[in-house]
Amino acid sequence: TMEVDMDALIALRASVNEAQGTKTSVNDYVIKACAHALIEVPACNSSWTDEHVRQYERADISIAVNTDRGLITPIVFGADTKNIIEIAGNVRELASRAKQGKLKPDEFIGGTFTVSNLGMFGLKQFSAIINQPQACILAIGATSQTAAPNEGRDAAERPFVAKSSMLVSLSADHRVVDGAVGAQWLQSFKRHMENPILLLL
């Protein structure tokens with residue numbers, strides 16, 4: 001589990017939404033940050049079989065969607081090659097068709113990594129079950145505000161400031177990804193989330 005500072009991303013998201021005239025969600029940026037981290041730490045972009053470990057070149061991100069028929073995981077293919085607006089459009093369309101039961105099997109069977117976001121239900125932290133044969137799944141909690149020491153020039157007048165953060169927890173199949181590699185992946189994810197301009201490059 002790692003804490004991610006969300007202030008810069010929230011500000012960037014507001015600017016993107018205003019400039020584009022379209023809505024992007026925090027989850028869209030999470031997907032993009034996952035894709036970047038998977039390219040940087042490719043061991044986490046893997047799956048396990050009895051014969052071998054398969055490592056993927058593309059980041060095909062499965063997103064957990066709750067439907068009347070249960071949980072389904074539609075896939076944003078090649079998330080590492082798509083921009084935020086493209087990912088946002090993909091997610092909206094996939095989630096809508098998932099809830100209508102109109103997805104084709106090849107749109108939800110497969111994927112190289114899964115994101116499960118329960119922040120909208122108010123959960124701060126949880127552990128997600130790995131979507132086999134994938135090696136990893138990331139659980140996203142709600143963004144919340146806390147008081148933090150003010151490190152700015154006005155610290156004497158305002159010793160504390162409000163800080164937005166969220167907790168993310170990585171579950172990993174240790175046959176493929178051990179704790180040290182998982183920690184490296186989380187560090188990469190955190191760096192991209194806290195420097196969100198990297199997600200637009």
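Why is α2 largely enclosed by the rest of the structure?

## Helix α2

Eleven of the 15 residues of α2 are buried, so the helix is largely enclosed by the rest of the structure, where buried means under 20% relative accessible area, exposed over 50% and partly exposed in between, with a 1.4 Å probe and protein chains only. Among these buried residues are Asn27, Asp28, Lys32, Cys34 and Leu38.

The model is predicted, so local features need pLDDT of at least 70 and side-chain atom pairs count only at pLDDT 80 or more, while totals for chains, interfaces and linings use all residues. Residues are numbered from 1 along each chain as its sequence is written, and side-chain values use heavy atoms, leaving out hydrogens and water.

## The largest nonpolar core

A nonpolar core is a set of buried Ala, Val, Leu, Ile, Met, Phe, Trp, Tyr and Cys residues joined through side-chain atoms within 4.5 Å. The largest one has 45 residues, of which Cys34, Ile61, Phe113, Leu138, Trp185, Phe189 and Met193 touch the most other members. Its largest share, eight residues, comes from α2.

Leaving aside residues up to four places away in sequence, Phe113 touches several residues, including Cys34 and Leu38, as well as Ile61, Leu138 and Trp185, contact meaning heavy atoms within 4.5 Å. In soluble globular proteins, nonpolar side chains tend to be buried together.

## An exposed residue

Phe121, by contrast, counts as exposed because its relative accessibility is 58%. Phe121 lies in the loop between β8 and β9, strands being DSSP runs of E with at least two residues and helices runs of H or I with at least four, numbered from the N terminus.
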